[in-house]
Amino acid sequence: MSTKKQKLSSIGKKVLMALTGFFLMLFLLQHLSINLLSVIDADMFNEVSHFMGTNPLVQYVLQPILIFSVVFHFAWGIYLEYQNNQARDVKYAKYKGSANATWMSRNMIISGLAVLAFLAVHFYDFWLPEINVKYIQGDMSGMLHGTDHFRYHEELVAKFANQPIRVVLYVVAFVMLSFHLLHGFQSSFQSVGFNHSKYTPIIKKLGNLFAIAVPIGFVIIAIYHYNIHPH
Amino acid sequence: MNLNLKVWRQDSPQEKGKMVDYQLGGISEHMSFLEMMDVLNQQLIDNGERPVAFDHDCREGICGSCSMFINGEAHGPVKGTTTCQLHMRSFNDGDTIFIEPFRANAFPVLKDLVIDRSAFDRIQHSGGYISVNTSGNTQDANATPIPKENADLAMDAATCIGCGACVATCKNSSAMLFVGAKISQYALLPQGKVEAKERAQNMVAQMDSEGFGNCTNTGACEVECPKGISLTNIARMNREFLDGSVNS
């Protein structure tokens, strides 16, 4: 048997989706851990935020990898969805998708695009102002203007206190993220070829826990900052 | 029982097809689904119309010929069965039943419910075999020790009848369950190890060139497969393929 090699196979494509997915899930855990500090202790949150915002390894190595993963995972997901749609020109008159697969697994494009829309809001809220202050205005001090204390916690609180619309938007977005993860977590393992009679059921349970606990964590933080300050 | 059938009619691969309504009476719940189709065809012939073309052969769930998409599900609503093993007792008097061909660009419709599944044959030809010299010196089968567990798993994979329900039901028209089963069947046995790497590369390359979609792990194929082929076969294919890709 001679070997036929192709540039990028269907399996290669799904492995790329899974690997960027793994990285983004790790990022979610890291993001949540730091955000939780904002509920526990404002000073600690400020210190860690300042470290993340100014550490060269984080800013110039991890951040570019993150941006690449985010862009790639979205672009690739949309491209694959388009390609998969092209594989069936004449659609079924009746198609009962719910008979054999979960809503979450069939609608990754919907939950994914919802998360993309959320990211636009989230970047507008936090990331763009941060880039503006640090790299355009050149203020790397992390201090609140004209004072000697850190600005990060105050900025976070300002975004959620008395902002019910933003809180609702965040809650909806995290429900969609939860849907995405309910399929995505265990699907990533299957894509890289991990399927084991003993460990796969554990991975599925772990995936459900991750997909529910992580978004709930973010939601709790948003609601906490909305509620804790007098309206 | 009386039925309202909505059947896909298409004269040739080039023509555009459409769903056509038929009223059918006098159907017994003991009939098989294909016998119901035979009654419909007799009615059409009596009326001077062209009967509905559909694939069938063994009518006992082994050959993989029958291929109808019934009420939105490959091989109909009963799990673990082919269309020929489906009986009218699974339906009720007065039901509307949608009957369509398995749809995927890689499976073009030839006529009505008959599709061209030769894409599967070409995938098989590209590596779904072992190269053995059969010149009369055939070795005794039991001379090669094989763990019982692997023999069982290989047998499970080998029960795939190549009907194409996995492709038909997949929202992406992916053929990975079929190819996964065919690769696993050999990957699990010592005789298959010799060409394992080439096999995975070649069969996946052929699958991709046939225009099937990409797998997104929804698991629909596994549920609709009349032979209960498991998703573990797709994971095994992924491993075999990746092993061949990084380790050639």
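**Close-up views of a predicted two-chain model**

**View 1. Chain A and its helices.** The secondary structure of chain A comes to eight helices and zero strands, where helices (H or I, at least four residues) and strands (E, at least two) are DSSP runs numbered from the N terminus. This is a predicted model, in which local features need pLDDT of at least 70, side-chain atom pairs count only at pLDDT 80 or more, and totals for chains, interfaces and linings use all residues. Residues are numbered from 1 along each chain as its sequence is written, and chains are lettered from A and ligands numbered from 1 in the order in which they are written. Along the principal axes, the C-alpha atoms of chain A fill a box of roughly 70 × 40 × 40 Å. Of the 231 residues in chain A, 26% are buried; a residue is buried if 20 or more other C-beta atoms lie within 10 Å of its own, exposed if 12 or fewer, and partly exposed in between, with C-beta atoms placed from the backbone. Among the contacts in chain A with a separation of 6 or more, 80% are between residues 24 or more positions apart; two residues are in contact if their C-beta atoms, placed from the backbone, lie within 7 Å.

**View 2. Helix α1 of chain A.** The 31 residues of α1(A) should span 45 Å at 1.5 Å a residue, and its end C-alpha atoms are 46 Å apart, which agrees. The expected span is 1.5 Å times one less than the number of residues in the helix. Buried residues of α1(A) include Ser10(A), Ile11(A), Lys14(A), Val15(A) and Met17(A), and also Ser38(A).

**View 3. The contact between chains A and B.** Chain A puts 38 residues into the contact and chain B puts in 45 residues. On the side of chain A that touches chain B, the elements giving two or more residues are α1 (10-40), α3 (56-86), α4 (103-106) and α7 (164-191) of chain A. The most comes from α1(A), with five residues. This side of chain A has 14 nonpolar, 15 polar and nine charged residues. Here Ala, Val, Leu, Ile, Met, Phe, Trp, Tyr, Cys and Pro count as nonpolar, Asp, Glu, Lys and Arg as charged, and the others, Gly among them, as polar.

View 4. Chain B has nine helices and seven strands, and 46% of its 248 residues count as buried. Its C-alpha trace spans about 60 × 35 × 35 Å along the principal axes. The chain is divided into domain 1 (3-111) and domain 2 (118-246), with bounds that come from an automatic or database domain assignment. Taken over C-alpha atoms, the centres of domain 1 and domain 2 of chain B are separated by 29 Å. Their contact takes 19 residues from domain 1 of chain B and 17 residues from domain 2 of chain B. On the domain 1 side there are eight nonpolar, eight polar and three charged residues.

**View 5. The five-stranded sheet of chain B.** The strands form an open sheet of mixed pairing, in the order β2-β1-β5-β3-β4; two strands pair if DSSP finds at least two bridges between them. At the edges stand β2 (18-24) and β4 (73-74) of chain B, each with a single partner strand, so one side of each has no neighbour in the sheet. Seven bridges pair strand β1 (residues 3-9) of chain B with β2(B) in the antiparallel sense, and Leu3(B) stands opposite Leu24(B) in β2(B). Strand β1(B) runs parallel to strand β5 (residues 96-101) of chain B, joined by four bridges, with Leu5(B) opposite Ile97(B) in β5(B). Strand β3 (residues 68-70) of chain B and β4(B) are antiparallel and share two bridges; Ile70(B) has Glu73(B) in β4(B) as its bridge partner.

**View 6. The nonpolar cores.** A nonpolar core is a set of buried Ala, Val, Leu, Ile, Met, Phe, Trp, Tyr and Cys residues joined through C-beta atoms within 7 Å. The largest has 76 residues, and those with the most contacts inside it are Cys166(B), Val167(B), Leu177(B) and Val179(B). Helix α5 (residues 176-187) of chain B supplies the largest share of this core, eight residues. Domain 1 (3-111) and domain 2 (118-246) of chain B both give residues to this core, so it lies between them. Beyond its neighbours within four places in sequence, Cys166(B) is in contact with Ala175(B), Leu177(B), Phe178(B), Cys221(B), Glu224(B) and Cys225(B). A second, separate core of 17 residues includes Phe160(A), Ala173(A), Leu177(A) and Leu181(A).
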